[in-house]
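Work through the exercises below with the sequence and the model at hand. Each task is followed by a stepwise solution.

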Amino acid sequence: MTDTTLDEFRIEATTFLEANAAPKPAAAEFAWGQGDDDVALFEEFTPAEEARLLAAAKGWLGQRAEADLHWITGPTELGGRGLSRAHEQLYRSLEGGYDVANQSFFGIGFGMVAPTILAHGTAETHAYLSRMFSGELVGCQLFSEPGAGSDLAGLQTKAERDGDEWIVTGQKVWTSGAHYSDIGEIICRTDPDMPKHKGLTGFVVDMHAPGVEVRPLRQMTGGTAFNEVFFNEVRVPDHHRLGDVNMGWSVALTTLMNERASIGGGGGGGGLGLASATRLIEMMRHFGVSEDPVLRDELARLYTGYQVAKFTNMRAAAKMKAGGLPGPELSIGKLALTANLTATAEFVAKVLGPRVQADTGEWGTWAWSMFICGTPGMRIAGGSDETLRNIVSERVLGLPKEPGIDSKSPFKDLAKN
Ligand SMILES: Cc1cc2nc3c(=O)[nH]c(=O)nc-3n(C[C@H](O)[C@H](O)[C@H](O)COP(=O)(O)OP(=O)(O)OC[C@H]3O[C@@H](n4cnc5c(N)ncnc54)[C@H](O)[C@@H]3O)c2cc1C
């Protein structure tokens, strides 16, 4: 780790931001009917908008790379800056005060794929890391399949060894951002004679390689943020393998723990975020229900839920800062987030009633349909509520394992979805 102090780093980062970005105007106090009423949980862009925003994000990350501010916690020998998480957090909070490009396209790559490559990669795949953080390469997560989502270890995309290469054949699904990704982290079955969790191997795959076909999927909110991805005898070099052969389950767990950290531990889990308490209170006032005792009670419960989630996330963050591994706290954090979002959606639907079902043009009404339609997706992405409850019940509460999981028979002999 290099020895730049936090104070020195603050000056360096502020100088860079001042020179390259405009400060955000001070947030105006929320007033009903004014400004943008967008509260969507998932961003939805037209292809042209998406291309423009992605190019802007790449440009901004490129500027950060020129100033050596792109991969703050990365090891120096891999092109990172070698600074601490505290430096990274400081930079993020400073950048938050400036009007910079939307970097959400890089969320999966930075939050999930990169930490996994760092933990399990080879010299060849480690070389991707600095290029990812400088915006050159976008990464996606190729885990789920039509018959393997919650039961991820039931996946059937196969990788067969052919000399120094592997040949990958199969289908993945729900792959967010595959259509603009350059590399993907894929988990494949490499030995069907082993039990289901044992015969898996992880790889980094080139999304532009011959045999990779990406087809968009339309979600109920109207956009096409995720895809089906078909692999037809795609050749992957052995040096793109993540971890040992048949040890892909621990590679997958590294990614999933980081996924829960980046979803549940983010701002959405800790604060009311888009659905700020002020926004909800003003909505109640505007529609004349601010004295309704039942709704007031629900609002108070909602606020408490977000506060409790914030403290749970702070406990998990403290554990990780102290060098501990992300653990079941992150599953609790993600569960708390989705419970709070769902309760928010139900609360808003009660306040707005039928106004949320038809686009009448009235400010702050129909816009909530994008939030309400987005909450089920949040309950599924990154581990469904039921899967996370199973984890918490087994790993936190010490309850018996779910019956029916066959961890001994060869995968090829198991019934498939
Ligand atoms: C917005 C979004 C983005 C996504 N992005 C990606 C991505 O980038 N890459 C990727 O690989 N995947 C992605 N996914 C897929 C996601 O990981 C899966 O949808 C998820 O793991 C659930 O799998 P499934 O859809 O096959 O549902 P299933 O596993 O078939 O589950 C169906 C229902 O049964 C319940 N269920 C299943 N097993 C149990 C059990 N043992 N006990 C109790 N209930 C159970 C589930 O909770 C769920 O309600 C994304 C999903 C969403 C919604």
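**Exercise 1: Fold and overall dimensions**

Among contacts in the chain (C-beta atoms, placed from the backbone, within 7 Å) between residues at least 6 apart in sequence, 74% join residues at least 24 apart. The model is a predicted one: local features need pLDDT of at least 70, side-chain atom pairs count only at pLDDT 80 or more, and totals for chains, interfaces and linings use all residues. Residue numbers start from 1 along each chain as its sequence is written.

Task: state how many helices and strands the chain has, and compare its radius of gyration with that of a compact globule.

Solution. Step 1: with helices (H or I, at least four residues) and strands (E, at least two) taken as DSSP runs numbered from the N terminus, the chain has 13 helices and 10 strands. Step 2: the radius of gyration is taken over C-alpha atoms, and the globule rule is 2.2 Å times the number of residues to the power 0.38. For 417 residues a compact globule would have a value near 22 Å, and the chain's 22 Å agrees. Step 3: along the principal axes, the C-alpha atoms fill a box of roughly 70 × 55 × 45 Å.

**Exercise 2: Nonpolar cores**

Task: find which residues have the most contacts inside the largest nonpolar core.

Solution. Step 1: a residue is buried if 20 or more other C-beta atoms, placed from the backbone, lie within 10 Å of its own; 35% of the 417 residues are buried. Step 2: a nonpolar core joins buried Ala, Val, Leu, Ile, Met, Phe, Trp, Tyr and Cys residues through C-beta atoms within 7 Å. The largest one has 56 residues, and V168, I187, F203 and V205 have the most contacts inside it. Its largest share, 6 residues, comes from helix α4 (residues 107-120). Step 3: another core, apart from this one, has 22 residues, including V39, L41, V351 and W368.

**Exercise 3: A helix pair**

Task: describe how α4 and helix α5 (residues 123-133) pack.

Solution. Step 1: axes are lines fitted to C-alpha atoms over the stretch in contact, with angles from 0 to 180 degrees between N-to-C directions. The axes of α4 and α5 come within 9 Å and cross at roughly 155°. Step 2: α4 is therefore roughly antiparallel to α5, a label for angles over 145 degrees. Step 3: residues that meet across the pair include G109 and F110 in α4, and T125 and H126 in α5.

Notes. A residue is buried if 20 or more other C-beta atoms lie within 10 Å of its own, exposed if 12 or fewer, and partly exposed in between; C-beta atoms are placed from the backbone. Two residues are in contact if their C-beta atoms, placed from the backbone, lie within 7 Å. Angles under 35 degrees count as roughly parallel, over 145 as roughly antiparallel, 65 to 115 as roughly perpendicular and the rest as oblique.
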